[in-house]
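Please keep the sequence and the structure open while reading.

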Amino acid sequence: MSRIEKMSILGVRSFGIEDKDKQIITFFSPLTILVGPNGAGKTTIIECLKYICTGDFPPGTKGNTFVHDPKVAQETDVRAQIRLQFRDVNGELIAVQRSMVCSQKSKKTEFKTLEGVITRTKHGEKVSLSSKCAEIDREMISSLGVSKSVLNNVIFCHQEDSNWPLSEGKALKQKFDEIFSATRYIKALETLRQVRQTQDQKVKECQTELKYLKQNKEKACEIRDQITSKEAQLTSSKEIVKSYENELDPLKNRLKEIEHNLSKIMRLDNEIKALDSRKKQMEKDNSELEQKMEKVFQGTDEQLNDLYHNHQRTVREKERRLVDCQRELEKLNKESRLLNQEKSELLVEQGRLQLQADRHQEHIRARDSLIQSLATQLELDGFERGPFSERQIKNFHKLVRERQERETETANQLMNDFAEKETLKQRQIDEIRDKKTGLGRIIELKSEILSKKQNELKNVKYELQQLEGSSDRILELDQELKKAADKDEQIRKIKSRHSEELTSLLGYFPNKKQLEDWLHSKSKEINQTRDRLAKLNKELASAEQNKNHINNELRRKEEQLSSYEDKLFDICGSQDFESDLDKLKEEIEKSSKQRAMLAGATAVYSQFITQLTDENQSCCPVCQRVFHTEAELQEVISDLQSKLRLAPDKLKSTESE
């Protein structure tokens with residue numbers, strides 16, 4: 001038999017949403033009785049038991065009224081959680097958790113059920129099952145060993161639905177059928193009837209299929225005979241084709257020989273044509289050379305060879321001198337390029353340093369403005385005009401730190417004084433409450449005694465009027481007078497017994513009016529103390545609200561931090577933020593260098609154009625190459641002007657990146 005052991009409730013109806021407000025209810029065996037005034041939460045406990053076991057909300061609610069009201073809690077999101085620990089029909093320990101959240105929107109509240117978890121303990125190991133993987137309601141019903149209808153209508157029946165046995169006949173029959181599972185028996189019979197009809201239909205279909213299968217078998221036998229005959233015909237046809245192939249083999253060999261001889265003939269023909277064309281070209285070149293010769297050498301071949309060798313030596317000498325000149329020119333060009341490169345790097349470095357200096361000045365001005373505004377707020381003298389030196393900044397930091405420490409000490413002192421005053425007021429309230437209780441009891445006792453005496457006196461007067469002149473009644477009257485004297489003595493003893501307490505409280509023994517006035521004044525003081533206590537409670541609630549607001553801000557900052565970390569992870573692709581940051585710094589430094597280079601390129605291009613146009617230089621200012629024509633010079637100037645026009649756009653694109 002299953003048995004419920006413990007249940008914890010948080011954020012449901014009147015139960016609070018903080019961890020300190022979590023309530024844990026222990027259920028005893030064999031009976032647990034819930035006793036409390038109206039609104040204490042007895043019905044809420046039963047509703048929580050019903051919800052954790054069946055997943056159904058109380059009647060008349062859609063979930064948002066089942067959770068603690070966000071407006072009362074002064075929160076935008078309120079989370080509710082119910083946990084139940086019980087033993088199933090096998091005696092195993094099971095823990096179930098269901099969570100909900102209610103969010104306050106602009107005009108309405110939004111309710112959402114969170115993921116539920118059921119945990120089983122088997123052989124000392126815990127096995128958890130989420131609502132994403134299984135249906136917790138079905139697991140709970142199987143673990144408790146009780147149907148859902150019994151849980152809803154009998155065990156956890158809500159007080160608003162407790163009169164269902166007095167409902168109309170049809171609804172009552174439906175309830176009892178659900179409780180005693182009569183519908184399952186009817187459904188089983190219906191299922192059997194449907195299965196029988198399905199099987200009969202399948203038998204008819206199988207008989208029809210058997211008839212067609214027999215026909216198909218006969219057709220298959222006919223087709224098999226036809227295939228056998230066709231295979232015999234195919235075998236005879238293959239033998240005929242093979243004989244034809246044997247006759248074709250010598251013809252194929254003869255055809256290959258003919259093709260081979262034809263390829264040789266074509267190759268020889270092509271060689272003859274190539275030689276003829278080469279001969280004609282050589283004859284044509286020879287005739288052209290003869291026509292171009294202006295003077296024919298009349299000497300011998302030896303003289304011609306000597307003249308040819310002398311000419312070759314002269315050419316080699318000139319080539320050697322040309323190589324030396326080119327090597328010297330390359331060396332000079334290399335030195336010129338190095339100097340120009342150093343010049344451009346220095347210009348780039350100048351632009352970058354100028355940019356950093358401008359940024360540094362902007363930061364200093366922003367720092368001075370912040371110091372002036374903060375000094376004005378904190379009423380600090382000597383910081384009205386900038387710029388500030390390092391000594392003034394250190395002095396400002398020291399003053400701000402001292403001001404912060406003083407404010408912190410003042411706040412702590414106020415909190416301590418407030419706590420001491422609250423403790424003292426609470427102690428005084430308790431003492432006054434105890435005194436009021438004792439005095440109230442004394443007043444009630446005195447009033448009862450006084451009313452009794454007045455009634456007795458009225459009776460005595462009435463009897464005296466009736467029995468006037470009767471000697472027999474005189475004796476009775478004397479006895480009554482003695483009783484009255486005894487009562488007066490008792491009253492005197494009571495006064496003497498309580499006179500010390502009244503005298504210690506008031507300083508004298510009061511009469512009735514004085515006692516009432518004193519009680520009225522004490523009641524007035526109690527009311528004033530209650531008002532002060534209410535004010536202090538209101539201040540405490542405000543402080544709690546501020547604390548909650550700070551906690552919410554802290555949670556929001558933590559969520560922002562996690563979201564920023566997720567964004568960094570999405571951007572970087574790993575948790576190695578340091579290496580990614582180094583890479584980003586390298587890219588930023590590279591972009592800064594490129595921006596500084598582009599900023600310095602404008603000045604460089606302008607200076608080159610000025611040198612080429614105004615100074616009438618006929619050589620390149622970078623490589624010192626000489627321009628032989630005006631067209632080359634204008635081409636270089638136009639190229640530099642186009643680069644100068646594109647430099648601002650490149651600078652803007654680099655800054656945007």
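Predicted model: local features only at pLDDT ≥ 70, side-chain atom pairs only at ≥ 80, totals over all residues.

## The largest pocket

The volume of the largest pocket is about 1200 Å³. Its lining consists of 33 residues. Those nearest the centre of the pocket are Ile17, Glu18, Glu75, Asn552 and Arg555.

By residue class, the lining holds 13 charged, twelve polar and eight nonpolar residues. Among the elements, α10 (512-572) gives the largest share of the lining, with 13 residues. At least two lining residues each also come from α2 (70-73) and β3 (77-87).

## From the pocket to the strands: β3 and β4

β3, which contributes to the pocket lining, is also paired with β4 (residues 93-104). The two strands are antiparallel and share eleven bridges. Within this pair, leucine 84 faces valine 96 of β4 as its opposite residue.

β3 and β4 make a hairpin, with five residues between the strands. In that turn, glycine 91 has a positive phi of about 85°.

## Other partners of β4

β4 also pairs with β5 (residues 109-113), running antiparallel with five bridges. Serine 103 has glutamate 110 in β5 as its bridge partner. Four residues link β4 and β5 in a hairpin.

β6 (residues 117-122) is another antiparallel partner of β4, joined to it by five bridges. Here alanine 95 lies opposite threonine 119 of β6.

How values were computed. Residues numbered from 1 in each chain as written. Heavy atoms only, no water. 1 Å grid on protein atoms, 1.4 Å probe; cavity = no way out; pocket = protein on both sides within 12 Å on 5 of 7 lines; lining within 4 Å. Points joined across faces, edges and corners; volume = space filled by probe spheres on them. Nonpolar A, V, L, I, M, F, W, Y, C, P; charged D, E, K, R; others polar. Pairing = 2+ DSSP bridges.
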